[in-house]
Amino acid sequence: MKRKPKIGLLPLYLKLYDDTDPGLRNQFEPLIEAILNGLGAEGIESVRADICRIESEFHEAIHHFKIQDIDLIITLHLAYSLSLESINALASASCPILMLDTTLDYDFGPDVDPARIMYNHGIHGVQDLASMMRRRRIPFEIIAGHITESNIIKRAAAFARAAYGARSLRETKALRIGEAFQGMGDFTVDEPVLQQSLGVTVMTVMPDALTGDLEILSNNEVEEEMRLDRERYLIEADETVHRRSVRLGLGLRRFLDSGGYTAFSANFLAFNSSKEPIDTVPFLEISKAMSRGIGYAGEGDVLTASLAGALERAFGLTTFTEAFCPDWKHGTLFLSHMGEINPNVSSEKPLLCEKEFPWTGAKNPAILACAPAPGPAALINL
């Protein structure tokens, strides 16, 4: 499900400089390589266009980016570049644009050789192009700083991940198992609105839709998954509880994979039978699915599930949770839900244990329990 965010680096230049000094452009190769290598170190895949000067070259570069299916265009002014040569091509781009305002040299004080002007005046072109982008109402972002003496590469990588996440959200195919929990209004959004506003498509099924995938599971598949669980987690659940959760989970996994779903939500009340093959709630597989980059949220909330999936695929270390109880005395929040967490966020090896489940007639499920690793975090709600 996951892949790296992918950017297209568009170097801008002036034909006049090639006409008067054809070798000058070669001096910018270290800058271009530093950007590409820096983004690579941040986990970003890059496609580099040839240095562009005139309109036809810009159109060719944008066409190449479309073929390469990039998530974000990053412009790089190596020198001044005429905005009217590039603006029409950029206007035709089908992905977001980030303007990278940087230079070869860190120091440009009074003692610097005036000849270095030729290697450090890209900001002139940045201002020209930014003005035209505003005039043409072409959305863009801009970040500035020296390539090695600032955090500009990290910021560019964050924009690349955000662009990939936004695209991933717009391409979400979400599954709802069971009807949405009646009476919960915060995530209640009509499906046509989700489709029109966010590009999210929704399919709703009842738990018995998983039956076909469960019936073709072999005992060997179940035993192998249980063996892997013993490597990944601390097992405290009874083997019978573990096995039924794994079997149901593998059926759910097959259903999600075969349907191409990138997000899903399950209403626990819909799992109300103690009879095989759907005799428990698939909390264990829900947690595993999040670790594979599939978005999830509880109670039929496909809105949050879609957002969580996009964030996980773009940024990683994302989990569905809820702010359950405030600890007024210590100024903290207890974050939890019924039995779902992305084990990738755990501070240590997660515990696989049995969960008491008095809410329906389903048998007790196995769940993963863990605390997130300490560090900065963001709580996000759409």
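Ala-310 lies in helix α12, which spans residues 302-315. The model is predicted. At 3% relative accessibility, Ala-310 counts as buried, because the limit for that class is under 20%. Leaving out residues up to four places away in sequence, Ala-310 touches Gly-165, Ser-168 and Leu-169. Its C-alpha atom is separated by 8.5 Å from that of Thr-262. Along the chain, Ala-310 and Thr-262 are 48 residues apart.

Next comes the sheet. Four strands form an open sheet in the order β7-β6-β9-β10. The pairing in this sheet is parallel. Strands β7 (201-205) and β10 (295-298) stand at the edges. Each edge strand has a single partner, so one side of each is left without a neighbour in the sheet. On average, neighbouring strands are turned by 20° against each other, direction ignored. In general, strands of a sheet pair through backbone hydrogen bonds, either parallel or antiparallel.

Strand β6 covers residues 173-177, and strand β9 covers residues 263-266. These two strands pair in the parallel sense over four bridges. Leu-175 has Phe-264 in β9 as its bridge partner.

Both residues also belong to the largest nonpolar core, which has 51 residues. Leu-175, Ile-177, Phe-264 and Phe-283 have the most contacts inside this core. Helix α10 (residues 239-259) supplies the largest share of the core, with seven residues. Leu-175 is in contact with residues beyond four places in sequence, among them Met-203, Val-205, Phe-255 and Leu-256. Tyr-261, Ala-263, Phe-264, Ser-265 and Val-302 are also in contact with Leu-175. A second, separate core has 32 residues, including Tyr-17, Leu-31, Leu-72 and Ile-152. In soluble globular proteins, nonpolar side chains tend to be buried together.

A disulfide requires the two sulfur atoms to be within 2.5 Å. Cys-95 counts as buried, at 16% relative accessibility. Cys-325 is likewise in no disulfide. For Cys-325, the nearest cysteine sulfur is that of Cys-370, 18 Å away. Cys-325 is partly exposed, with a relative accessible area of 39%.

Note on methods
Residues numbered from 1 in each chain as written. Predicted model: local features only at pLDDT ≥ 70, side-chain atom pairs only at ≥ 80, totals over all residues. Heavy atoms only, no water. Core = buried A, V, L, I, M, F, W, Y, C linked by side-chain atoms within 4.5 Å. Buried < 20%, exposed > 50% of the residue type's maximum accessible area, 1.4 Å probe, protein only. Contact = heavy atoms within 4.5 Å. Pairing = 2+ DSSP bridges. Axes fitted to C-alpha atoms, helices over the stretch in contact; angles between N-to-C directions.
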